[in-house]
Amino acid sequence: MLSQPISVTFSINDGAPITIETGKLARQADGSVTVRQGNCILLATVVANKDPKEGQDFFPLSVDYQEKFASAGRIPGSFFKREARLNDYEILTSRLVDRALRPLFPEDYLCDVQVLISLVSSDTEIMPDALACLAASAALAVSDIPIKEIISEVRIGKVNGKMVVNPSRSDLEKSDLEFMIAATQKNLMMVEGEAAECSEEDLVNALQLAHDAIRVQIKAQEELRSKVGVTGKRDYKKPAQNEEIQAKVNSFAKDRVYQISRAGSSKHERSDAYDKLKEELVASFGEDISDVDKKLVKKYYEDLKWEVVRNMIVDERVRLDGRGLDQVRSLAMETDPLPTPHGSALFTRGETQSLTTVTLGTPLDELLVESAAKSDYTKFILHYNFPPFSTGEVKMMRGPGRREVGHGNLAMRSLKQMMPGNDYPYTVRVVSDILESNGSSSMATVCAGSLALMDAGVPIAKHVSGVAMGLITRTTDGKYAILTDILGDEDHLGDMDFKVTGTRDGICGVQMDIKVDGLSMDTMREALEQARKGRMLILDAMYNCMPSAREEVKPHAPRMVKLFIDKEFIGAVIGPQGKVIQEIQRETGATINIEEVGNQGEVSIFSPAKEGLDKAVAWIKGIVAVPEVGSTYESKVKSVMPYGAFVEFLPGKQGLLHISEVSWKRLETMEGVLNEGDMVKVKLIGVDNKTGKFKLSRKVLMPKPEGKPQESQGS
């Protein structure tokens, strides 16, 4: 007989109730829960191996978030009609949960842990990614897997000037900012998001509001765990330790590690010196040292480096490369280094370098972004590539990993804030290739991307720059150091990795991971202000390099114009079986895309040559133009009859030029007067109310001979 499921229900700020339930689904997992709000239901499971793999020296946590298309009553659009590799949205959601959960586990816990979160029922208004971390943490809470604390995560939006916790899908589209924030009962753990140039104080207010809501979710998880009866956590095998070896390592290497760290050398010089010292350290233990002890020597050596460098920075306010705490590395940048791309820029900051290109495309190049609940197209794409040579390594070249997807997304969200609106006709693709990396290549991507967009003639109003911040704290005496423009090594040994992007007027993007307890809001404000100053310094250099966007796209870039026409004219532009639009494209060399948007037709005209673009625009404007009596038109003779000629005075619009209106002279026949294909200027003198036929005159545009009693009709 099945046991009865156990659940708790709560609400946040009078929102729809949220129910966490366990004991009904996936009962062979170590922990399993469903989280429901409205019709949105997530299933989260967690399983951990009882023992670590032999020789394991790192924590193997894997988190996968996936949306089942059946949850929204849809069938996947792929050839195989089944869910396949996680898409970018699912990868980004997985990363948000992973980054929040990872610090929860004890440092000496090395067993494989797998967290799987599935959207099994979708709601049109409830955003499931805002509940994913709650579901994962709840699954861990009801298991015996050893975690230090319970956490949760919420989204903060700002709708109509008011901060909102977990806004609906509709409200999020109107929001000025969007931050995903994870925290424990006491401490912030992770922040990621974007904003339309919000202030530093707005970000702090969002963090405080989020933390209050997260505490409500943590309390509900604690209540659920208590109902389940989880009283303790499983024992696990801890890595071997040897205090004697650790003492020898410290004695042999501590002073020399300090000397290398204090030398202010480059990344490769410092790395080579550290490696040489490690070889000498291992050799000092003799040839008889076991493999297990050798691994311990290397581990204690890395621990020693971590401690020495941190103390050096906190006590002496000097960093590995000799800089002060708030100093940005040397900057070098140029635009248009590549002749053929539509826009390009090279940005170098210290030992980090991004070569970024911009490509302008048509609406046919838009990217389909698909989730279970919604499929939409985006006209702004950013891809980030991190080849192994950028760090002097040899690795297999595979598709983009989660890191590349995450870094590219942060840069994309930051630059997107300055992109022109939906009436901008181009699809824009930015590609950042990292050529060197020693700290914050994602921020280099933002800076290079901003320069390249301006170089391409994309009308972004302001430059966006970014800087990566670090924090090192010492709990024994409360001292700390905030670092501007961190190195790769400083990222590894620090307690906070904090990336901030923005313009001179506010923050556009944030990504933060916190690894330390008790980070105060005052420290957060100090870090934000130091980040703002670093961002401004970089922005000044960017404006000196490229003050504003090019007024026009480059000569070899495609030309594009967008027209909006009345819905009733869409058929006329397309023509029967597409004949008209095909003729326009064939005669002008342009590519034309027409979409129905509300009560209008959106016509995008794309051409590699300005002449073809102008011709196509004039053609389409002629088709949709409404003929006006009294207006003059250049027309083309389509056919000649005994009683006159039929002329096309606007694309697709013909009228009769009666024989009596051809000339002031009386004509007995049209023979030899006008021929098919002749160009003739005419005036629209009337429209037959019954038939709608157009009456045209040529003679009214000609000088009237003396003695004529009156002008022709309608003149």
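**Core first, then the sheet**

So, in the largest nonpolar core there are 162 residues, and the ones touching the most other members are Ile20, Leu101, Phe105, Ile117, Val428, Leu453 and Phe498. By nonpolar core I mean buried Ala, Val, Leu, Ile, Met, Phe, Trp, Tyr and Cys residues joined through side-chain atoms within 4.5 Å, with buried being under 20% relative accessible area (1.4 Å probe, protein chains only). Apart from that core there's another one, of 19 residues, including Val573 and Ile620.

Quick caveats: this is a predicted model, local features need pLDDT of at least 70, side-chain atom pairs count only at pLDDT 80 or more, and totals for chains, interfaces and linings use all residues. Numbering starts from 1 along each chain as its sequence is written, and side-chain values use heavy atoms, with hydrogens and water left out.

Back to Phe498: leaving aside residues up to four places away in sequence, its contacts (heavy atoms within 4.5 Å) include Val467, Met469, Val510 and Leu528.

Now the sheet. It's open and mixed, with 6 strands ordered S1-S2-S3-S4-S6-S5; strands are DSSP E runs of at least two residues, helices H or I runs of at least four, both numbered from the N terminus, and pairing takes at least two DSSP bridges. S1 (6-10) and S5 (61-67) are the edge strands, each pairing on one side only.

S1 pairs antiparallel with S2 (residues 18-22) over 5 bridges, and Val8 stands opposite Ile20 in S2.

Notes. Buried < 20%, exposed > 50% of the residue type's maximum accessible area, 1.4 Å probe, protein only.
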